[in-house]
Amino acid sequence: MKKEIKKANKYVEKAKKFIQNNYQQKITLEDVAAHVHLHSSYLGSIFKRDAGITVIEYLNIVRVDQAKSLLLNTKHPIGKIGAMCGIPDPRYFCRVFRKIVNESPHTWRKNNPEAFIAALA
C-alpha cells in the first residue's frame with residue numbers, strides 16, 4: 001500500500017511540474033494525464049487525494065500566482081496579463097482571479113501600489 005501511495009505521489013509531482021512549466025498554454029486534465037502516462041480519471045483521483053485540490057484548481061492557482069507577479073511588476077493591461085498566464089478571455093480571467101484571491105485583478109493591483117509604482121518607474 002505504501003509503495004502504491006509513493007508511486008502516486010511521483011505522478012502528482014510530475015503533473016505539478018508539467019503545469020508549472022506549461023501554464024501559459026491551454027491545458028486540460030487529459031493533457032496532464034497524457035504527460036504522466038495515466039488515465040485522466042485516475043490522475044484526477046490521486047491528485048485530489050494528495051494535493052487536496054483538483055488538477056484544474058491547481059492550474060488556476062499557478063496561473064493566478066503568475067498573474068499577481070505580473071500585476072505587481074509590469075504595467076500591462078489586465079486582459080494581456082490574463083492571456084500571458086493562459087487565460088485569454090479577460091472576463092473568465094477576472095472570474096478565476098476573484099475566486100482565488102477574493103478581489104478583482106484591478107482591485108488587487110490597486111491595493112498593492114508600491115510594487116506597481118516601482119514597475120512604472
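The model is predicted, so local features need pLDDT of at least 70 and side-chain atom pairs count only at pLDDT 80 or more, while totals for chains, interfaces and linings use all residues. Residues are numbered from 1 along each chain as its sequence is written, and side-chain values use heavy atoms, with hydrogens and water left out.

**Helix H6**

Select residues 90–101, helix H6. Helices here are DSSP runs (H or I, at least four residues), numbered from the N terminus. At 1.5 Å a residue, the 12 residues of H6 should span 16 Å, and the end C-alpha atoms are 16 Å apart, which agrees. The expected span is 1.5 Å times one less than the number of residues.

Now show Phe93, Val96, Phe97 and Val101: they are buried. Buried means under 20% relative accessible area, exposed over 50% and partly exposed in between (1.4 Å probe, protein chains only). Look down the axis of H6: its buried residues fall within an arc of 110°, so they line one face of the helix. The arc is taken from the directions from the helix axis to the C-beta atoms. The face turned away from the buried side carries the exposed residues Arg91, Arg95 and Lys99. The buried residues of H6 pack against H4, H5 and helix H7 (105–110); contact means heavy atoms within 4.5 Å.

Rings of Phe, Tyr and Trp (its six-membered ring) pair if their centres lie within 6.5 Å; planes under 30 degrees apart count as stacked, over 60 as edge-to-face and the rest as tilted. The structure holds three aromatic pairs. In one of them, the rings of Phe93 and Phe97 have centres 5.9 Å apart and planes at 55°, so the pair is tilted.

**The core**

Next, the largest nonpolar core, with 32 residues. Such a core is a set of buried Ala, Val, Leu, Ile, Met, Phe, Trp, Tyr and Cys residues joined through side-chain atoms within 4.5 Å. Select Ile19, Val32, Leu43, Ile81, Phe93 and Phe97, which touch the most other members. H4 gives the largest share, nine residues. Centre on Leu43: among the residues it touches are Ala15, Val32 and Val55, not counting those up to four places away in sequence.

**Last stop: Gln25**

Gln25 lies in the loop between helix H1 (2–22) and helix H2 (29–36). Gln25 is partly exposed, at 45% relative accessible area.

Notes:
Helix = DSSP H or I, 4+ residues; strand = E, 2+ residues; numbered from the N terminus.
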